[in-house]
Each structure stands twice: as C-alpha cells, then as structure tokens.
Amino acid sequence: HKRLFFSKLFFSLYRFQAFLYFSSVFQAMSCGIHYLASVFMAVTPNFVCGIPGNVSSVLFYNSSESSLEDIWTLWTSTENYIVVQLENGEIWELNQCSRSKREMSLDLAYEYKGNKSVFSCSDGFLYDDTKWKSTVVTQWDLVCDREWLAKLIQPTFMLGVLIGAVIFGDIADRLGRQRVIWFTSAGQFVFGIAVAFTFDYYSFVIVRFLLAMVSSGYLVVAFVYVTEFVGIKARTWASMHVHAFFAVGVMIVALVGFLVRTWWVYQICLSIATLPFVLCCWMLPETPFWLLSEERYEDAQKVINIMARWNKVSTPCKVSELCSVQQDDLVGGRMGDNDTSSTKKHNILDLFCNWHIARRTITVWLIWFTGSLGYYVFSLSSVSLGGNEYLNLFLIGAVELPCYIIACIGMDKLGRRNTLIPFLILSALICVLIMFIPQDFNILIILANMAGKFSIGVAFGLIYLYTAELYPTIVRSLAVGSGSMMCRVGSVVAPFCVYLRSIWIFMPILLVGIMALLSGILTIMLPETLGKPLTNTLVEATEMGRSKKSSSGKTPPAHSGVASEKIEMFGQETVSTEK
C-alpha cells in the first residue's frame with residue numbers, strides 16, 4: 001500500500017517535480033561558483049619590490065625600457081631581477097622579496113660586482129597587472145613572508161564547507177528542508193556580496209568561511225530536497241546530476257574570470273549570477289516526507305494538493321491512506337519481531353565490528369578521500385597547465401557533464417564495483433601518463449588532465465550510492481556520513497597538495513595517482529551490490545562480502561524488505577552531494 005501511495009504521488013506527477021528540481025539545482029551552480037572562485041581571485045602575478053622614488057630607466061638583461069610595465073613580458077623566472085635607475089641617479093636591483101642599492105655605480109649595467117646595500121620591501125611591491133588588474137594578493141600584499149596567508153584562503157574555505165555540511169544537515173532534519181534552503185540561498189547571496197567589500201585579509205577570510213558554510217549547507221539540503229520530490233526510478237539520475245549543475249558553476253567561474261579582471265567586481269558578478277533563485281526560493285514548499293515524519297499531516301496534504309493541481313490530477317492522494325498503513329506496519333512490527341524494535345544506539349566503532357566490515361570501511365573511506373582529492377587537484381591545477389587558463393578551467397568543468405551520464409549507465413549495466421574499479425585505475429594510469437608528456441605539449445597536457453578529471457569524476461559520482469548499499473540499515477547513516485567527512489578532509493588537503501608544485505611540478509598528480517591506484521586495487525575486494533536487496537543487519541552485510549550465496553536469489557527476511565522500502569523513501573537524506 002505504501003508503494004502504491006508513493007507511486008501514484010511521485011510517478012504520475014512530472015511538471016511540479018520538474019519545476020522544483022530545476023529551481024533547486026539551479027542554485028547548486030552558485031556552490032560550484034564559490035568553491036572554485038579563488039583560482040582567479042587569489043592568483044599571484046609576477047612582482048618585485050617597490051622602489052623609493054621615480055624611475056627614469058629600467059634594464060632587464062639586454063633590454064632597456066622606460067617603465068616597468070614594458071618589462072613584465074620578458075619576465076621568465078622568480079630568480080630574475082630588474083635593474084632600475086631613479087631620477088636622482090641611484091641604481092637599484094629589484095628582486096621579489098628584497099632590493100639592493102648599488103654603492104659605487106655610475107653606469108646602468110645589468111651585471112655588477114661592487115658593494116650593495118640590501119633592504120627589505122618597506123615600500124610595498126610592484127605587480128604585473130597585464131592579466132589581472134587586482135587580486136586579493138595584490139590588494140593586501142600576500143607575498144614573501146605573507147605568502148602563507150594566501151595559501152590559507154582555499155583550505156579555510158574548505159574547512160567551512162566541512163562544518164557547514166554538518167551543521168545545516170542536522171538543522172534541516174530538525175527544522176525542515178524548506179527553511180534551510182531559504183536561509184542558505186539568501187546567505188550565499190549576502191555573504192557573496194559582502195566578500196567584495198571586506199576591508200582587510202582577516203575579514204575577507206571570515207566572510208568567505210561563512211559563505212562556505214551556507215554554500216555547503218545548501219548543497220547538502222538541496223540534494224535531500226530534490227530526491228524527496230523525484231520519483232524512485234528517476235532518483236539516481238536526478239541526484240547524480242546535481243553534480244552536473246555544480247560543474248556548470250565551475251564553467252561560469254572561467255567565463256566571468258575571463259571577462260572581469262578586478263577581484264571585487266569579479267566576486268560581485270559571481271554572486272549575482274543566481275539572484276533569480278534567491279528572489280523566488282520562498283515559493284518552494286516543504287517536502288511531504290519531512291512533514292509526515294513530523295506528523296504534520298494537514299500541511300503534507302496541502303503540498304500534495306498543490307502537486308495535484310500543477311499536474312492536473314483530479315483525485316489527489318490522501319495522507320490518511322498512508323497513516324493507516326503506517327500504523328498497521330508498526331503494530332505488525334511489534335508482534336512479529338521484538339528485535340526490530342531494539343533501541344540500541346550504534347556508533348562509529350560498529351563500522352569496524354569485524355575484519356570484513358573494517359576492511360570495507362577503510363576501502364570506502366579511501367575512495368571518498370581519493371575522489372575529493374583528485375577532483376580538486378585537477379580543478380585547482382587547471383589554471384597552471386599553460387595556455388589559456390580560463391579555457392582550461394572551462395574545459396575541466398565541461399568534462400564533468402558527460403562523466404555523470406557514464407556513471408549512471410555503468411552503475412545500472414555493469415554494476416557499482418565493476419564501474420568503480422576500471423575508472424579508479426584509469427585515473428591512476430592517466431596521472432602517470434601526464435608525468436611523461438613534455439611540458440611544451442600544452443594541448444596534450446590539457447587533454448590528459450581532462451581525461452583524469454573525467455575518470456575520477458565517474459568514481460567520485462557513484463561512491464555515494466555504492467556506500468549506502470554496502471552497509472546495513474542500522475549503520476547506513478553512519479557509513480555514508482563518515483565517508484562524506486573523509487570526502488571533505490580530502491577537499492581541505494587538496495589545496496596544500498596543489499602547493500607542492502613548487503617542490504616538484506608533478507608532485508600533486510603523483511599523489512593522486514598513487515591514491516587512485518591503491519583505491520582501485522582495494523575496491524576489488526568489495527562485493528557487488530547491483531540487483532541485491534539492501535541488508536538490515538551487520539551479519540547480512542558481512543555475508544554479502546564473504547559468500548556468493550547472497551546473490552543466489554534467496555528471498556530476504558520480511559523486515560529487510562521493509563527496511564529497503566524505507567530507505568528508498570527516506571534513506572537518501574543521509575547521502576550528501578558534498579564535493
């Protein structure tokens with residue numbers, strides 16, 4: 001009866017669900033926008049120490065110019081220095097983090113063997129503004145001994161992502177999805193605009209941290225919101241393609257970055273991109289699932305009636321039909337099996353209750369971590385591949401769109417494990433291939449990075465559903481939640497991994513390749529879950545991995561069927577689309 005009720009409610013009604021789906025995921029673009037905005041906002045251009053006077057001539061090797069602006073096109077290495085002569089006759093050598101005054105030099109020459117007096121950059125810095133008129137680095141001189149502050153911009157944002165997902169996920173369960181969607185979508189707009197008007201570095205980081213929290217909160221709750229309105233058959237595709245709208249946001253970052261070269265104007269343009277949703281999000285209703293779970297039956301009936309009117313259904317479903325069935329199920333559950341009414345509380349240690357489950361948990365955590373690490377390493381590194389950095393980021397975002405289609409098809413046709421293994425190993429092989437491509441072959445390097453992002457994106461997309469299917473009902477929320485936390489740890493680590501390019505240009509790719517290969521090998525030991533009933537106990541979950549008997553078509557216990565049905569309806573709440 002429950003199945004018939006929700007089939008009638010969600011399968012036959014399309015127009016209303018389509019409106020809510022596309023309205024909600026439209027705002028997911030803003031999450032992709034803010035997550036990757038720093039790739040252009042916090043870029044460090046070429047720079048040298050400032051000079052204490054007016055310049056009369058500039059010398060760089062054998063090239064002599066009248067202004068520094070003409071020298072930047074010749075700048076090739078941070079080890080270079082520029083020789084300038086001031087109007088008062090003084091000659092200075094300008095390095096990136098220091099400057100030297102020549103004591104006994106009358107002729108302007110590049111090489112000098114005489115005495116020099118070394119000074120700090122007390123007059124600030126001179127920046128190359130041919131590409132970017134202004135960035136947060138040039139705004140607050142986040143170079144040299146303050147460079148570490150610039151490198152903390154993206155990690156602190158990702159820390160906000162982690163905290164926001166936890167906080168707003170819990171609030172959404174307590175206060176409802178609708179209110180959280182209202183608050184977080186409005187918060188993205190308000191904090192996004194506020195970032196552009198911050199007065200110093202510390203206020204900038206704090207406001208960005210708050211922006212990260214509401215962006216992460218929206219992405220988590222929007223996933224739950226859309227999956228509670230979409231029919232069961234379309235739920236996998238609909239939830240997977242929330243990622244696709246995130247990728248569109250990354251593409252918008254590339255486009256706006258190309259058009260706007262002043263960081264605060266760039267930030268404002270990105271923040272107003274989704275203003276239409278902020279103006280109309282108040283019209284979105286609460287989900288009937290949450291209303292029913294809170295026993296607000298009249299409100300749930302109102303939403304169902306609205307859905308019926310939108311979809312021109314003359315006889316809408318009655319909540320009373322479901323309520324009577326639920327009460328019968330509760331009575332039957334008490335009479336049938338006292339174990340199912342156990343109130344035992346489970347914790348993270350239950351994910352390590354035996355060797356088979358512990359090995360499964362370690363592997364799943366590693367896949368979550370690797371997927372997030374690879375996703376952000378490929379994305380954040382795209383602007384450093386050579387060629388047009390804006391086109392690079394646009395292509396890195398665009399390649400995600402087909403990868404989620406492939407993931408959905410692979411999950412349904414080949415199975416979860418059989419899709420995950422080859423794409424993890426393929427991403428590792430691509431990382432090795434990138435290391436052997438000569439640095440002069442920019443197009444080939446970009447194509448290889450796109451292929452790496454594609455393969456890691458497929459693996460990253462399907463791990464959400466696969467994790468939920470690998471664990472029994474009693475610890476499923478813990479499993480998915482802990483995996484999601486490992487995902488966010490990967491996103492915090494990724495920026496630091498990218499900074500290792502300064503040690504060796506291939507270090508980030510090497511680390512991603514090693515992690516992907518290790519994850520792919522360990523995934524071989526995971527059981528396939530395609531076409532298998534969801535397990536309800538840790539014993540059943542263990543047997544699924546130890547024996548092939550679980551796939552022989554045995555009819556699961558009655559209480560497992562109820563659990564499966566409940567997960568189909570409500571279990572998606574535990575699954576986060578956090579990037």
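## Core, rings and sheet

Trainee: Which residues is Phe 204 in contact with, leaving aside its neighbours within four places in sequence?

Mentor: Phe 204 is in contact with Met 41, Val 136, Trp 140, Ile 153, Val 195, Thr 198 and Trp 263. Contact means heavy atoms within 4.5 Å.

Trainee: What kind of model is this?

Mentor: It is a predicted model, where local features need pLDDT of at least 70, side-chain atom pairs count only at pLDDT 80 or more, and totals for chains, interfaces and linings use all residues. Residues are numbered from 1 along each chain as its sequence is written, and side-chain values use heavy atoms, with hydrogens and water left out.

Trainee: OK, the inside. How many residues are in the largest nonpolar core?

Mentor: That core has 136 residues. Those with the most contacts inside it are Tyr 35, Val 136, Phe 204, Tyr 266 and Tyr 376. Its largest share comes from helix H8 (residues 201-229), with 15 residues. A second, separate core has 18 residues, including Val 48, Trp 75, Tyr 81 and Val 84.

Trainee: What counts as a nonpolar core?

Mentor: It is a set of buried Ala, Val, Leu, Ile, Met, Phe, Trp, Tyr and Cys residues, joined through side-chain atoms within 4.5 Å. Buried means under 20% relative accessible area, exposed means over 50%, and partly exposed is in between (1.4 Å probe, protein chains only).

Trainee: Rings next. How many aromatic pairs are there?

Mentor: The count comes to 23. One of these is Phe 258 with Tyr 390, an edge-to-face pair, 5.8 Å centre to centre and 70° between the planes. Phe 258 lies in helix H10 (residues 242-259) and Tyr 390 in helix H17 (residues 389-398), so the pair ties together parts 132 residues apart in sequence.

Trainee: What's the rule for a pair?

Mentor: Rings of Phe, Tyr and Trp (its six-membered ring) pair if their centres lie within 6.5 Å. Planes under 30 degrees apart count as stacked, over 60 as edge-to-face, and the rest as tilted.

Trainee: Is Phe 258 buried or partly exposed? What about Tyr 390, buried or exposed?

Mentor: Phe 258 is partly exposed, at 43% relative accessible area. Tyr 390 is buried, at 6%. Then there is Tyr 375 with Phe 460, a tilted pair, 6.0 Å centre to centre and 50° between the planes. Tyr 375 lies in helix H16 (residues 355-381) and Phe 460 in helix H20 (residues 442-470), so this pair ties together parts 85 residues apart in sequence. Tyr 375 and Phe 460 are buried.

Trainee: Which charged end sits over the ring of Tyr 375?

Mentor: That of Lys 453, 4.4 Å from the ring centre. Lys 151 has its charged end over the ring of Tyr 499, 5.3 Å from the centre. The rule is NZ of Lys or CZ of Arg within 6 Å of the ring centre and within 35 degrees of the ring normal.

Trainee: New topic. What order do the strands have in the open sheet?

Mentor: The 6 strands run in the order S3-S2-S4-S5-S6-S7, with antiparallel pairing. Strand S3 (63-65) and strand S7 (116-119) stand at the edges with a single partner strand each, so one side of each has no neighbour in the sheet. Two strands pair if DSSP finds at least two bridges between them.

Trainee: How many bridges join S5 to S6?

Mentor: 3 bridges join strand S5 (residues 91-94) to strand S6 (residues 99-102). A hairpin through 4 residues joins S5 to S6. Trp 92 stands opposite Lys 101 in S6. The bridge partner of Lys 101 in S7 is Ser 117.

Trainee: Where is Val 58?

Mentor: Val 58 is in strand S2. It is buried, at 0% relative accessibility.

Technical notes:
Helix = DSSP H or I, 4+ residues; strand = E, 2+ residues; numbered from the N terminus.
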